[in-house]
Amino acid sequence: MIENDLPAEAMADPKTFTDPAALYGLMARLRQDDPLAVIHAADHDPVRLVTRHADIMSIERDAARFINQPRQAHFSNSQMMASRKALGGVDVGKFMRNLVAMDGPDHAAYRELSQSYFTPKGLESLRGEIERLAAEFVGRMADHGGACDFAQVALAYPLRVIMTMLGVPVEDEPLMLRLTQQTLTSQDPEFQAQGGSSVSAMMEMYVYFQKMIADLRANPADNLGSIIANAKVGGELLPEPDVFGYFNIVATAGHDTTSYAITGGLLALLENPDEMAKLRADPSLMPLAVEEIIRWTSSVKHFCRTATEDCTVNGAEIKAGELLLLSYPSANRDEAVFENPHQFRIDRKPNRQLAFGFGPHVCLGQYLARLELNLFITELLARVDDIELAGTPRYVEGTFVGGVKHLPIRYRMK
């Protein structure tokens, strides 16, 4: 049995997310005993923890009653104060506004600017290039002498994909990797910027993208970066905080989440060799396997919503202004929705995973992530044999975005 003796307040502790057994044990107990618990963690504002699949779906559907503003993630008060201090007392939302932070007509209008680019049809023109990149990065494993930290391979591949789409040159990718990690995984000591705040990385990224935006407005190109830089709402170019926010969310969410899915997906296959053998024997199962990997890894750990009025969720009284934390890993292990949820099954069907969210705020890049996973794992299994763990996997310390950050493996190329 998985452990389940942690207090609910552990959900606010980044270290909890480094121990999957304890984490999923806690979630299972909360789903059963207190599915809408109010947690009062030290140095955190109180938050209503939503753990059941059905409750998260009902909240995500009701975008008028449960809004993204003013807070999208549940970080410590110390971390939020450090961010404001780094910005001279200005809230981060004044410095940068992105899709995740928007509600209502604003969100719909800004989402529409690039939505067609991220549809399966829109991505079809990029499929050949993404397939080529998958082959390139799997091929690089041959240069490591049969052993490597697979997480580094899994980070580099989706980073290249999204930076190519934006128009960032290859030589600037190490910079972008550092900045995006310091932004999204700022709670992990290994990745955080000096002082523990993500703002310094955000400001460095701001300077970089401001130059790119100016260049793309002067010389439009055939890429996603140019679409964003030259996009107009109401006949006007996007305001400075909004256009930077768009670049920032695409650059950060566009690779870290996918890389954790790839790394965690390989770990799941290694820990379940019968499932890997099944997938090798029948590659037509890859689309189902990708959905299971996405469910299993749940790279985005939560988003927050704020209630706009007094209401009830599954019988619980919610007050106007109350903060709710939607736990996607918990929803994706909900016994009421998934048969044997703690088993990794590459042919799971149906698979109503919520890792991309649901409703009007469903992840804009969900089809890109699926395509990247499909092409990379297909290439990996076709060209690499006898993969095994060569050490202990290590997980990100982070309550917001994370997964396996180090995965030592041994392997033999075919």
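View 1. A134 has a value of 0%, so it counts as buried. This is a predicted model, so keep that in mind for every view that follows. A134 sits in helix α7, which covers residues 127–139. Setting aside neighbours within four places in sequence, you'll find A134 in contact with Y157, L375, F376 and E379.

**View 2. R160, a charged residue in helix α8.** Is R160 buried or exposed? With 10% relative accessibility, R160 counts as buried. R160 belongs to helix α8, and beyond its close sequence neighbours (those within four places) it is in contact with L133, E136, F137, R140, V170 and E173.

View 3. Zoom in on Y157 and, leaving out neighbours within four places in sequence, its contacts are I130, L133, A134, F137, I262, E372, L375 and F376.

**View 4. Helix α12, mostly under cover.** Helix α12 runs over residues 240–253, and at 1.5 Å a residue its 14 residues should span 20 Å; the C-alpha atoms at its ends are 20 Å apart, so the two agree. How many of the residues in α12 are buried? The count is 11 of 14, which leaves the helix mostly covered. Among the buried ones are F244, Y246, F247 and I249.

**View 5. S259 in helix α13.** S259 is part of helix α13. Its relative accessible area is 2%, so S259 is buried. Apart from neighbours within four places in sequence, S259 is in contact with A154, L155 and P158.

**View 6. The second largest pocket.** About 480 Å³ of space lies in this pocket. Its lining is made up of 24 residues, and P20, Y24, W296, R333 and Y395 lie nearest the centre. The elements giving two or more residues to the lining are α1 (20–33), α13 (256–271) and α15 (286–297). Helix α13 gives the most, with 5 residues. Sorted by class, the lining has 13 nonpolar, 7 polar and 4 charged residues.

View 7. The bond from Q69 to P70 is cis, with omega near 0 degrees. P70 lies in the loop between β3 (66–67) and α3 (77–86). The bond from K349 to P350 is cis as well, with omega near 0 degrees, and P350 is in the loop between α16 (328–331) and α17 (366–383).

View 8. N314 isn't a glycine, yet it has a positive phi of about 50 degrees. Where is N314? Look in the loop between β8 (311–313) and β9 (316–318). D386, also not a glycine, has a positive phi of about 50 degrees too, but D386 is found in strand β11 (residues 384–389).

Note on methods: Residues numbered from 1 in each chain as written. Predicted model: local features only at pLDDT ≥ 70, side-chain atom pairs only at ≥ 80, totals over all residues. Heavy atoms only, no water. Helix = DSSP H or I, 4+ residues; strand = E, 2+ residues; numbered from the N terminus. Expected span 1.5 Å × (residues − 1). Buried < 20%, exposed > 50% of the residue type's maximum accessible area, 1.4 Å probe, protein only. Contact = heavy atoms within 4.5 Å. 1 Å grid on protein atoms, 1.4 Å probe; cavity = no way out; pocket = protein on both sides within 12 Å on 5 of 7 lines; lining within 4 Å. Points joined across faces, edges and corners; volume = space filled by probe spheres on them. Nonpolar A, V, L, I, M, F, W, Y, C, P; charged D, E, K, R; others polar.
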